[in-house]
Amino acid sequence: MKVWRYLNKQQKCSIDNVLDIILKSKGLSYDDFIDCKCNISDPSDFYGMSSLVSRLNLAIERFEKICIFGDYDCDGVTATVMLYSYLSKKNIDVMYMLPSRFEGGYGLTNDVIDKIKSYGVSLIITVDNGISAYNEISYSNSVGIDVIVTDHHKIPEKLPPAVSIVNPHLNDSGFKDFAGVGVVFKIIQELEKDNLSLDDLIKEYGDLLSIGTIGDMVPMVGENRYLVKRSFEYFSQTKRPGVQVLLEGSSFGDMDGSEISFGIAPKLNACGRIGSAETATKLLLSSSISEARSFLKIALEMNESRKSLCNSIFEEVEKEIYEKKLYNNRIICAWSENWNHGVIGIAASVICNKFGKPCFLFSVQGEESRGSGRSIPGFDICDHLSKCQEFLTKFGGHPMAAGANIKSENLEKFNEKFLKIANDMPLYYIDIDCVIDPENISVEILNEINKLSPFGSENLEPIFAILNVTLVRVVSIGSGKHIRIVFKKNGKIFESTMFGVPFSDFLFSPGDIIDLAVRLKKNFFLGRESAVIHVVDVKLSEIDSLKFALDERIFENFILGIDPLPDDCIPSRDDCIQVFNCIRNLSSFRIEKLYSLMKNKIRPAKIFLILEIFDELKIFSVTRNCENYRISVKSKEKVNLNESLILKKAMLKNEI
Ligand SMILES: [Mn+2]
């Protein structure tokens, strides 16, 4: 169970204090944050900037042919498009090239360099990659091509032998969290320092800058937030046909970032995941609306096939989770030969959300396998990978998302260690900024909250708790993928939406007194604004989520062999009979609902264990997904509880 953690106790917010409360939990001051006061870094101070400018000018003087080498994700594509558009405008002989996930993979390779050479290129500029391409850049030098590296990834021990390296992490001071596209933006700012103001640059390139910055999920603070926020002012007036067609059909007023993270970025990313990132690049570089539409059509098709591939991976993993009871593990790890490497990361994030556990999936490609994983807040999955690096041929990433390559023969051994050393994983916390009365939810309060936008990592969208409401009804929407939750408070009826949870997975009943963790959104429809509620999590109001989650941990630790079961968690025969009588006529239930039906008399750890015993003795067949249990009666014959090995194990361990 996810633990609800109140950042400001259970303070209630209204339009007058909502900003103060949220800023307090972020540790920020009104002036700095709301007015977005921040120092804009001077690109002249960037490490490597002056050598970049002189090498580029030399190339221009000598009419050299330049190749931009980018990446296949949203950041890599927007960075490529931004630099390509800029250099083309200057009448420089420039081309671009992108890697493919399916041939060669991430970054420069010697084959790519040979290919670039065949076009007569004598200068490569990398964007959003290159910092770890030491060998490839040495090779490039040896065949007579200079390389300028522009990147934002972690600095390796040995810097590549490039003529110039611009990476904010090499700077002595100033803002360092730019995306790859942000680095390109700073380079153009330097090149145009005598001609264009920051405002001019934002008008011209702000659309690409914000798409790449949000798409790459870099911290939305400091200069990133300033630049993206300012870019949003001009976003709808973009001159780029590609962005215009991406915006078609979406009606929004003030942007908060989710238009990009949910609307635009997935479509651009889908190209590199399923087919070729070149489609996304050509879309953004299109010079007419009709050209842009034709590339958008391909991108949308790839996005649809990305969704269906993702769905089938999800279903396969889910089946494996039930069959092998992987839900008791700290991390869910699985692999298959049938999975497309480009989409396993998204499938992992769906599993991670649904089961509340980090998830790592591998696509097995013969002797070599490539994996991608997602984590829960507070558990650094990249750091965790590094503890198993003896099995890996390559790994990297961030605390919340990481990738790794491995020899397929080592998967089992890796899996064993990867799970075993995750014992001290923190619980899954949902941080709640404040409590809100549903009557206080209005467009006006959203105008206040949106002053904190754009949201992203390190500036998370606030989460509110709506407490003690009565569930009225639940309706399936979006062809069964989502639900509408109707609830009542003080005699008034309210509606909310919960995405990604089908009707059959929402095991609360009308009349239940529940708490909702929600995000508040503005909705624009036919030119009218309204406030809508997006539900993130639901629980019975009477349940203390921390106590419950700790008990669940006790049970898991016993099942995983980490700790013996405490004496007071061992169920008696009478406990088992009580649980049996309570569930005998049910086919599905939520675990905390069962706890409440038992009048909170049998502690959760015991209930978890009793259900496990029932499954073992084939009294019921039990399947579980997080809090949801589905059962069916298997045997009507009398069984002897003493035959349960699990129960024996629980009692025995406690004797030793
Ligand atoms: Mn990037």
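## About the model

This is a predicted model, in which local features need pLDDT of at least 70, side-chain atom pairs count only at pLDDT 80 or more, and totals for chains, interfaces and linings use all residues. Residues are numbered from 1 along each chain as its sequence is written.

Helices (H or I, at least four residues) and strands (E, at least two) are DSSP runs, numbered from the N terminus. Two strands pair if DSSP finds at least two bridges between them.

## Domains

The protein is divided into four parts: domain 1 (3–33 + 429–540), domain 2 (43–298), domain 3 (325–420) and domain 4 (545–655). These bounds come from an automatic or database domain assignment.

How far apart do the C-alpha centres of domain 1 and domain 2 lie? They are 36 Å apart. The two domains do touch: 10 residues of domain 1 are in contact with 16 residues of domain 2, where contact means that the C-beta atoms, placed from the backbone, lie within 7 Å. On the domain 1 side, the touching residues divide into 3 nonpolar, 5 polar and 2 charged. In this count, Ala, Val, Leu, Ile, Met, Phe, Trp, Tyr, Cys and Pro are nonpolar, Asp, Glu, Lys and Arg are charged, and the others, Gly among them, are polar.

## The parallel sheet

Let us start with the open sheet of 5 strands whose order is E4-E3-E5-E6-E7 and whose pairing is parallel. At its edges are strand E4 (94–97) and strand E7 (164–166), each of which pairs on one side only. From one strand to the next, the twist averages 20°; such angles run from 0 to 180 degrees between N-to-C directions, with axes fitted as lines to C-alpha atoms, for helices over the stretch in contact.

Within this sheet, strand E3 (residues 66–69) and strand E5 (residues 123–127) run parallel and are joined by 4 bridges.

Another open sheet of 5 strands has the order E8-E9-E10-E12-E11, and here the pairing is mixed. Its edge strands are E8 and strand E11 (392–397), each pairing on one side only. Neighbouring strands are turned by 15° against each other on average, direction ignored. E8 and strand E9 (residues 359–365) run parallel, joined by 5 bridges, and Trp335 has Phe362 in E9 as its bridge partner. H16 packs on this sheet, touching E8, E9, strand E10 (368–374) and E12, and its direction makes about 170° with that of E8.

Which residues of helix H16 (residues 411–420) are buried? Phe414, Asn415 and Phe418 are. A residue is buried if 20 or more other C-beta atoms, placed from the backbone, lie within 10 Å of its own, exposed if 12 or fewer, and partly exposed in between. Seen down the axis of H16, the buried residues fall within an arc of 100°, so they line one face of the helix; the arc is that of the directions from the helix axis to the C-beta atoms. Strand E8 (332–336) and strand E12 (401–407) are among the elements that cover them.

## Antiparallel hairpins

Strand E18 (residues 513–525) and strand E19 (residues 528–540) run antiparallel, with 12 bridges between them. Ile514 has Leu540 in E19 as its bridge partner. Their hairpin has 2 residues between the strands, and Leu526 takes a positive phi near 50°.

Further along, strand E21 (residues 620–625) pairs with E22 in the antiparallel sense over 6 bridges, and Phe620 stands opposite Val633 in E22. This hairpin has 2 residues between its strands, and Cys626 in the turn has a positive phi of about 55°. Strand E22 (residues 628–633) is also joined to strand E20 (residues 588–590) by 3 bridges, running antiparallel, and Arg590 stands opposite Asn628.

A cis peptide bond joins Ser453 and Pro454, with omega of about -10°. Pro454 sits in the loop between helix H17 (443–449) and strand E15 (464–477). Glu458 also lies in the loop between H17 and E15, and has a positive phi of about 65° although it is not a glycine. With 15 other C-beta atoms within 10 Å, Glu458 is partly exposed.

Phe63, not a glycine either, has a positive phi of about 55°. Its place is the loop between helix H3 (49–61) and E3. Is Phe63 buried or exposed? Phe63 counts as exposed, because there are 8 C-beta neighbours inside 10 Å.
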